[in-house]
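Let's take a walk through this structure together, with an eye on its charged pairs and on one of its helices. Have the sequence at hand as you read.

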Amino acid sequence: MTRRPAPPLEDSDSASTDAPPPVTVTDLEIGLGTGPVLLRRTGLSLRRGRITALTGPSGSGKTTLLHAVIGDLPYGARVTSGSVEVLGQDVFALAPAALRTLRRRHVAYVGQDPGSALNPRMTARHLIAELAADCSPEAVERLMADCHLPASLAHHRPGALSGGQQRRLALARALARRPEVLLLDEPTAGLDAALRDEITALLRRLATEHGVAVVMASHDPYVVERCADTVVALATGGAPYAPYVPEAPHVPGAPSAPRNHPPNTPITLPEGLRAENLHVAFTHRGHTHQALAGADFHAPAGSATGITGPSGCGKTTLLRTLAGLQVPQSGTLTWGGRSLPAPVRKRSRDMQRRIQFVPQNPLGALNPARTIGATLARPLRLHRIVGVREMPARVGGLLDAVGLPGDFAHRYPHELSGGQRQRASIARALATEPDLLLCDEVTSALDPATATAVLDLLAHLRATRQLTLVLVSHETDLIDAYTDTVHLLRGGRVIRPAAPREGAASA
C-alpha cells in the first residue's frame, strides 16, 4: 500500500480524519465453495474525503471486494475469513431490510458494466430522478452537467447512448443519492482522454468538498496517479494468465502484425467491408439524436483498422451497424464487393458466421444461465464447426487461446472477473472461425499486460488466418501499434484516417 499527501479538505466536519472510517475490511478472504479463491486475504480502510484505488491484474478480486462492501457475494461464494464493517455495521450480519436501506441511502455502487443496471424503457432524466434525494428538474440538470451529459440526452433511453454516456449516466444516478460511500468499478473505462480527466476531477471534488469516501477499481495508472490518495494492490495466487500465441510462419499476402510500416501508409488489399453514407438516428417523444450522419467506412480484407474519437461520437453505433445489430435509416453495406443486408437476421447463416462482434460489455455475449463452456459450445454446434466428440477439446483450445484455464469451462459469467469475461467474450466470437472481427473497446476492462496479450493474440490470428479486424478504442497509442489505419470519427462522420497524434488529441 502506498500513500501520497492528500489535498486539504474544504468540508472538515464531514471528512474529519478523527472520525471512524466508514468502511473497514479486515483480513477478508472469499472463496467459491471448494473451488477457487476469488479474493485472497485483504485489508482495506476508507476515509471520508479520500479516494482509494484498487489495482491488480484481471482476476485479482477487485470487483469481488467492491461487491463485498455492499454485502453482495457471487452465487455460491462464501467468506472464508475476515469481516466487512460499513458505517459501524457488519454487512454480512444485516437483515435484508437493513441491507437494502444501506445500499439505497448510504452506499452507492457503479459496476464495470453500468449499462446493464439501466432500465431500457426509462429516459436518462427519469433514471436519475427515481433515486435522487432531490428529484427536481433543476437538480437533475445539475447532476447531468456535473457528469458531462448534454442536456439534449435527458429524453433519450439507454439504448440511444454510447457506452461512455451510459457510464456517466450510471455515475449521475449514484451521486443523486448523495451517498457517504461511493464504490466505482473502472469508472473511466471507455471514456476518451478529455472526459477521463473531467470525471477524475469530479471524483476529486466530491471527496474533498463533500467528504465522500470513494474507492475505485482501475487498470489505468494515469487515473490512479491523478486522483488516488491511497493505492491498494491486489494480487492473484500466481502470475496473471496471458494468451498463448504459437510461433507461425507469415502467411503470404497477409500483413505482418504488429505494423512495421510508416503510419497510414496505403496497403493494397482485396475489397473487404465497406459502408457508404450511413445515417442512424434515435427518436424518443419528439427528441432526435443523430448518431451517424452520412458516415463512410472501409476495412480492406486482411487489414486491421482502428476507429477512435470523442465519447458519444458514434463509434459503437457504427460498429453495431456493421455487425447488423443496428439498422440504419439509409446507406449501404457491402462485403467482398457484394451487397450485405443491414439487419443481421436477413444475412445468411454463413455470413453471420463470418462476421462476429465483440461488445464493450462482455455480458452482452455471455448468457448468465450458461457455463462458459456451454456458451462457447453453442456457436460450434449452430455453425457445425466440429462434431460432438471434438467439442470439449475445441472449447479447451478456445479458452487456452485467450489465456483462460480449461476449468473455466465449468464456471458461470458471474464467477469471472471483468477482464476474464472479456476474454471469454472474445473466445465466443472466435468459435465460429470468422473472417471479420468487430471489437468495441475490448481492452478497456483489462490490465495493461493482459490488454497487450489480447491484441497480440488478435494480431496473430490476423496474420495466420487473414482475419480482418476493426478495433474501436480510446487508447490510440495501443491500437495504433496493431492497426494499419486509425480512422477519426466525429459528429457521426468519419472525418478521415487520423495520424496517431491527431487521434490521441481528439480522443
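Searching the whole structure turns up 12 salt bridges, where a salt bridge is a side-chain nitrogen of Lys or Arg within 4 Å of a carboxyl oxygen of Asp or Glu. Before we visit some of them, please note that this is a predicted model, in which local features need pLDDT of at least 70 and side-chain atom pairs count only at pLDDT 80 or more, while totals for chains, interfaces and linings use all residues. Residues are numbered from 1 along each chain as its sequence is written, and side-chain values use heavy atoms, with hydrogens and water left out.

Start with Asp 229 and Arg 204, a salt bridge whose closest N and O atoms are 3.1 Å apart. This pair links distant parts of the chain, 25 residues apart: Arg 204 belongs to helix 6 (residues 193-210), and Asp 229 sits in the loop between helix 7 (221-227) and strand 10 (230-233). Helices (H or I, at least four residues) and strands (E, at least two) are DSSP runs, numbered from the N terminus. Both Asp 229 and Arg 204 are buried; buried means under 20% relative accessible area, exposed over 50%, and partly exposed in between (1.4 Å probe, protein chains only).

Arg 462 and Asp 484 form another salt bridge, with 2.7 Å between the closest N and O atoms. Here too the pair links distant parts of the chain, with Arg 462 in helix 13 (residues 448-465) and Asp 484 in the loop between helix 14 (476-480) and strand 19 (485-490), 22 residues apart. Arg 462 counts as buried at 1% relative accessibility, and Asp 484 is buried at 4%.

Now turn to helix 9 (residues 349-354), which holds both Asp 350 and Arg 354, four residues apart, or about one turn of the helix. An α-helix has 3.6 residues a turn, so residues three or four places apart point the same way. The side chains of Asp 350 and Arg 354 meet in a salt bridge of 2.6 Å, N to O. Asp 350 is partly exposed at 37% relative accessible area, and Arg 354 is partly exposed at 27%. Asp 350 and Arg 354 are also linked with Arg 353 and Asp 435 in a network of salt bridges.

Which residues of helix 11 (residues 391-401) are buried? They are Met 391, Val 395, Leu 398 and Leu 399. Seen down the axis of helix 11, these buried residues fall within an arc of 100°, so they line one face of the helix; the arc is that of the directions from the helix axis to the C-beta atoms. Helix 10 (372-382) and helix 12 (418-430) are among what covers them, contact meaning heavy atoms within 4.5 Å. After helix 11 comes Gly 403, whose phi is positive, near 80°.
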